[in-house]
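The following dialogue takes up the reading of a structure feature by feature. Please keep the sequence and the coordinates at hand.

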Amino acid sequence: MQSAAFTFSPSLPLRNPSPNYWRRPSLSLRLSAKHGNSNSDDVNSNGVSSTFFTRRSWTLPPSSSFKFRPLPPRAAESAVPESAPVENPLFKTLELGALFGLWYLFNIYFNIYNKQVLKAFHYPVTVTVVQFAVGTVLVAFMWGLNLYKRPKLSGAMLGAILPLAAVHTLGNLFTNMSLGKVAVSFTHTIKAMEPFFSVVLSAMFLGEFPTPWVVGSLVPIVGGVALASVTEASFNWAGFWSAMASNVTNQSRNVLSKKAMVNKEDSMDNITLFSIITVMSFFLLAPVAIFMEGVKFTPAYLQSAGVNVRQLYIRSLLAALCFHAYQQVSYMILQRVSPVTHSVGNCVKRVVVIVSSVIFFQTPVSPVNAFGTAIALAGVFLYSRVKRIKAKPKTA
């Protein structure tokens, strides 16, 4: 039986050794190869014994022609490739579909619960304050428990966000005023005119003039809303103008955000901005509600008015939770898709809300009214598609 032993030594001359190679402690290695049959426990099936790390010196017989060159650290690290995590497209699609489903579901339940509250409690300013109050508690809960990163705010940032909070407050207040006066389906049909006011306000304050394609898409929107309004069974001017005012304020918020160009820090994403606006809206509207409507949400007053206190409180809480949930999910979707895709999804959301409210509240709808609503929503869909078409620059 023959055996051969290899031992490495630092005395072996290397090819242009670099001093950096010997900064780390040298690895002591001892190999023993045996030929022939052996029953030794320290020899594996390949005839190589186990590795020992007890010696720091390497020796090799001078007659050996074996050359040993240490592997540079970077080459050693790159020798074993790390497998990068690959996102599953199917999982990504399912996640996005689930977010869209939650967005629509929260919208449906918000409009149903909110309408039930406003039918029993005719104080839209107080209802809006309650919704902002619940949102403020949710925001404080997320920031307090570090569920979401707390932003670092300066006075200049708060001053820039204040106009956005003001128009956001008015937009939600006018929407609740309209929902308290007319059917949910009619309010959302009127709110389909948001693209019209967006184009008008952008041209007036930003100098962004629409393309002929965009102007053409506004015709069915205006015509459809007019046709639906004429044939609406629950029509009244207070509900109509409140919904129109909601369109103006909501689109003013978008224009102001573009014009002000809020200087955001890294932590100021859309969800954080919405959270700050919610808190500011509560503090802006609470004194107005007390001044205009008084303190009407107490159990004593509600019992004296013949209202089921427990039912009203539960529905108000659910409406507020659904309101903030669909807003949060909407921003999460916007972070994952393009604005055009989000606009199309918003158009589909309005259709889902109108149909579900008609079914739930058994709202009478004439064929002409349904046709006008369908034309308006088709115009909104067309607007979301042609908005990305840029006008050709004029050549001299």
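Q: Are Arg350 and Glu194 buried or exposed?

A: A residue is called buried under 20% relative accessible area, exposed over 50%, and partly exposed in between, with a 1.4 Å probe and protein chains only. Arg350 and Glu194 are both buried. For Glu194 the relative accessible area is 15%, which is why it counts as buried.

Q: On what basis should such values be read here?

A: This is a predicted model, in which local features need pLDDT of at least 70 and side-chain atom pairs count only at pLDDT 80 or more, while totals for chains, interfaces and linings use all residues. Residues are numbered from 1 along each chain as its sequence is written, and side-chain values use heavy atoms, with hydrogens and water left out.

Q: With which residues is Glu194 in contact, leaving aside its neighbours within four places in sequence?

A: Contact means heavy atoms within 4.5 Å. By that criterion, and with those neighbours set aside, Glu194 touches Asn247, Asn250, Gln251 and Arg350.

Q: How many salt bridges does a search of the whole structure find?

A: The search finds 3 salt bridges. One of them pairs Arg336 with Glu95, whose closest N and O atoms are 3.6 Å apart. Arg336 lies in the loop between α11 and α12 (339–361) and Glu95 in helix α2 (residues 89–120), so the pair ties together parts that are 241 residues apart in sequence. Arg336 is partly exposed because its relative accessible area is 39%, and Glu95 is partly exposed at 32%. Glu95 also lies 10.0 Å from Ile333 in space, C-alpha to C-alpha, although the two are 238 residues apart in sequence.

Q: How many helices and strands does the protein chain have?

A: Helices (H or I, at least four residues) and strands (E, at least two) are DSSP runs, numbered from the N terminus. The protein chain has 13 helices and 2 strands.

Q: Why does the length of helix α9 agree with its number of residues?

A: The expected span of a helix is 1.5 Å times one less than its number of residues. Helix α9 (residues 270–293) has 24 residues and should therefore span 34 Å; its end C-alpha atoms are 32 Å apart, which agrees.

Q: Where does α9 bend?

A: The bend at a residue is the angle between axes fitted to the seven residues ending there and the seven starting there. In α9 the bend is about 30 degrees at Leu285, and Pro287 is a proline that follows within four residues. Just after α9, Gly294 adopts a positive phi of about 75 degrees.

Q: Which residues other than glycine have a positive phi?

A: Among them is Asn146, with a phi of about 55 degrees. Asn146 belongs to the loop between α3 and α4 (155–181), and its relative accessibility of 62% is why it counts as exposed. Another is Gln362, whose phi is near 55 degrees. Gln362 is in the loop between α12 and α13 (367–386) and is exposed, with a relative accessible area of 63%.

Q: Which residues make the nonpolar surface patch of about 350 Å²?

A: Patches consist of residues with over 30% relative accessible area and no salt bridge; like charges are joined within 9 Å, and nonpolar side chains (Val, Leu, Ile, Met, Phe, Trp, Tyr) within 5 Å. Accessible areas come from the Shrake-Rupley method with a 1.4 Å probe, and for residues only the protein chains shown count as cover. This patch is made by Leu138, Ile314, Leu317, Leu318 and Leu321. Helix α11 (residues 309–334) supplies the largest share, 4 residues. Leu138 is in helix α3 (residues 124–144) and counts as partly exposed at 32% relative accessibility.

Conventions
Salt bridge = Lys/Arg side-chain N within 4 Å of Asp/Glu carboxyl O.
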